[in-house]
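Hi,

Here is the structure I promised to pass on. Have a look at it first, and then read on for my notes on the charged side chains.

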Amino acid sequence: MGKATYITQDGLNKLKGELEHLMNVERPAISKQIGEAIEKGDISENAEYDAAKDAQGMLEAKIAVLRDKIANARIIDESKIDTDQVQILNKVTIKNKKNNATMVYTIVSEHEADLKSGKISIETPIAKGLIGKKVGDVVDIKVPSGVVAFEIIDISL
């Protein structure tokens with residue numbers, strides 16, 4: 001059994017939708033490919049059969065991982081999130097003290113992270129450094145390029 005992961009209801013719905021697609025669309029398609037390869041005769045030297053079986057193995061592994069994620073998901077009660085200090089699901093505005101660049105990130109679970117839409121995983125160094133801090137705090141966070149000082153400008157939902 002994997003460790004519990006905290007996720008929003010939307011995130012859980014996406015995982016369930018992906019699992020349903022894999023089981024109801026992808027799995028039957030691969031089974032059909034295997035059946036067609038078997039119909040072609042000797043499977044001992046059939047590249048199509050081998051490829052389909054490999055794809056089936058990878059698909060089943062994906063399904064197992066998704067089932068584990070869903071089984072260990074814990075829904076975050078968004079009504080209990082506040083903005084006194086940084087926590088998961090907060091939108092945090094921070095300013096890089098070195099170059100005065102301002103960034104806005106929403107801290108989410110590992111499975112919901114999407115940097116393009118400004119959602120960073122709670123497992124990232126920046127998120128870990130911000131958790132528990134308040135507006136006005138300056139935190140030194142170790143990033144790949146070194147240690148950077150960030151000031152927390154705003155915390156919102």
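Which side chain does Glu-112 join in a polar contact of 2.4 Å? The partner is the side chain of Thr-8. Before going further, please keep in mind that this is a predicted model.

You'll find Glu-112 in the loop between strand 4 and strand 5 (119-121). Glu-112 is buried, yet it has no salt bridge. The nearest side chain of opposite charge belongs to Lys-119, and that is 5.8 Å away. Lys-119 still turns up among the contacts of Glu-112, together with Ile-7, Thr-8 and Gly-11, once neighbours within four places in sequence are left aside.

Now for the charges that do find a partner. In general, side chains of opposite charge can pair when their charged atoms come close. The count in this model comes to three salt bridges.

- Glu-60 and Arg-27: the closest N and O atoms are 2.8 Å apart. This pair links distant parts of the chain, with Glu-60 in helix 2 (residues 47-71) and Arg-27 in helix 1 (residues 9-39), 33 residues apart. Glu-60 is partly exposed at 30% relative accessibility, and Arg-27 is also partly exposed, at 25%.

- Glu-151 and Lys-97: these side chains meet at 3.2 Å, N to O. Here too the pair links distant parts of the chain, 54 residues apart: Glu-151 sits in strand 7 (residues 146-156), while Lys-97 is in the loop between strand 3 (91-96) and strand 4 (102-108). Glu-151 is buried, with a relative accessible area of 18%, whereas Lys-97 is partly exposed at 39%.

- Glu-48 and Lys-40: the closest N and O atoms are 2.8 Å apart. Glu-48 counts as partly exposed at 45% relative accessibility, and Lys-40 counts as exposed at 55%.

One last thing, from the records: an unreviewed UniProt entry lists residues 83-156 as "domain: Transcription elongation factor GreA/GreB C-terminal". Over that stretch the model is 8% helix and 45% strand, and the end C-alpha atoms are 6 Å apart.

Cheers

Key. Residues numbered from 1 in each chain as written. Predicted model: local features only at pLDDT ≥ 70, side-chain atom pairs only at ≥ 80, totals over all residues. Heavy atoms only, no water. UniProt positions renumbered as here; feature names shortened; annotations may be inferred. Helix = DSSP H or I, 4+ residues; strand = E, 2+ residues; numbered from the N terminus. Salt bridge = Lys/Arg side-chain N within 4 Å of Asp/Glu carboxyl O. Buried < 20%, exposed > 50% of the residue type's maximum accessible area, 1.4 Å probe, protein only. Lys, Arg positive; Asp, Glu negative; His and termini not counted. Polar contact = N/O pair within 3.5 Å; in protein donor to acceptor, adjacent residues only side chain to side chain. Contact = heavy atoms within 4.5 Å.
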